[in-house]
Amino acid sequence: MIDVLFEQRVVQNTGLAAEAVWHAVNETYNAKGRAEGVPLPLIFLVLPLTFHQRTAAALASKTQPGALYKLLAEDREVTVGLQARMQAMADRTFQALSIGFQTNLLHLDSDRTRQVIPGRKTPPVTHVTEEVKTILNAAKRVGQGFAEMSVVQLAIHLRVRF
């Protein structure tokens with residue numbers, strides 16, 4: 001019997017997942033004047049949005065600000081299956097956070113409301129493949145969306161529950 005998440009494990013590695021999370025967190029942090037990070041629950045949206053080919057390609061092609069709003073206005077089907085992907089990718093998100101925290105790519109601001117902040121100012125790696133660039137550009141757009149909307153707004157617009 002083939003594992004349902006087999007393709008995910010082969011194609012989507014945890015190091016890339018940690019980097020995608022960093023790009024989203026860094027974008028949010030910079031957009032909020034380096035004063036606020038990403039609330040921990042929102043981190044679980046990064047991988048389902050950026051590792052989903054159709055969503056990542058659509059997000060990466062949008063301009064900021066309002067990339068997430070533009071995506072939702074253009075294609076309401078983006079939210080279909082997002083909750084299930086978020087739940088299915090929770091373990092990978094935890095693994096990505098673990099790598100991020102262990103390598104100081106990410107930090108948890110425990111003085112506040114458990115926000116994730118970037119541990120470095122520059123990307124850890126420069127990529128040349130278009131697929132990876134699409135994922136990381138989509139992650140930046142997700143981070144911008146996190147800066148523009150509250151947790152409640154994101155949950156309503158994306159039709160997810162935390």
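Where is the place of aspartate 75? The views below, taken from a predicted model, begin with that residue.

**View 1. Aspartate 75 sits in the loop between helix H5 and helix H6.** Helix H5 covers residues 67–74 and helix H6 covers 82–88, with aspartate 75 in the loop that joins them. Is this residue buried or exposed? Aspartate 75 counts as buried because its relative accessibility is 18%, and the cut-off for buried is under 20%. Look for two partners of its side chain: the side chain of arginine 54, in a polar contact at 2.5 Å, and the backbone nitrogen of glutamate 77, reached at 3.1 Å.

**View 2. Helix H5 has buried residues along one face.** Here you can find Ala67, Leu68, Leu71 and Leu72, the buried residues of H5. Seen down the helix axis, they fall within an arc of 130°, so they line one face of H5. Their packing partners are helix H4 (53–60), helix H8 (130–148) and helix H9 (151–158). On the other side of H5, Ala73 and Glu74 are exposed.

**View 3. Phenylalanine 44 and phenylalanine 94 form an aromatic pair.** A search of the whole structure finds 1 such pair. The arrangement is edge-to-face, with 5.0 Å from centre to centre and 70° between the planes. The pair links distant parts of the chain, 50 residues apart: phenylalanine 44 belongs to helix H3 (residues 43–50) and phenylalanine 94 to helix H7 (residues 90–102). Phenylalanine 44 counts as buried, at 15% relative accessibility, whereas phenylalanine 94 is partly exposed, with a relative accessible area of 48%.

Definitions and conventions. Residues are numbered from 1 along each chain as its sequence is written. This is a predicted model: local features need pLDDT of at least 70, side-chain atom pairs count only at pLDDT 80 or more; totals for chains, interfaces and linings use all residues. Side-chain values use heavy atoms; hydrogens and water are left out. Helices (H or I, at least four residues) and strands (E, at least two) are DSSP runs, numbered from the N terminus. Buried means under 20% relative accessible area, exposed over 50%, partly exposed in between (1.4 Å probe, protein chains only). A polar contact is a pair of N or O atoms within 3.5 Å; within protein, one must be able to donate a hydrogen and the other to accept it, and residues adjacent in sequence count only if both atoms are side-chain atoms. The arc is that of the directions from the helix axis to the C-beta atoms. Contact means heavy atoms within 4.5 Å. Rings of Phe, Tyr and Trp (its six-membered ring) pair if their centres lie within 6.5 Å; planes under 30 degrees apart count as stacked, over 60 as edge-to-face and the rest as tilted.
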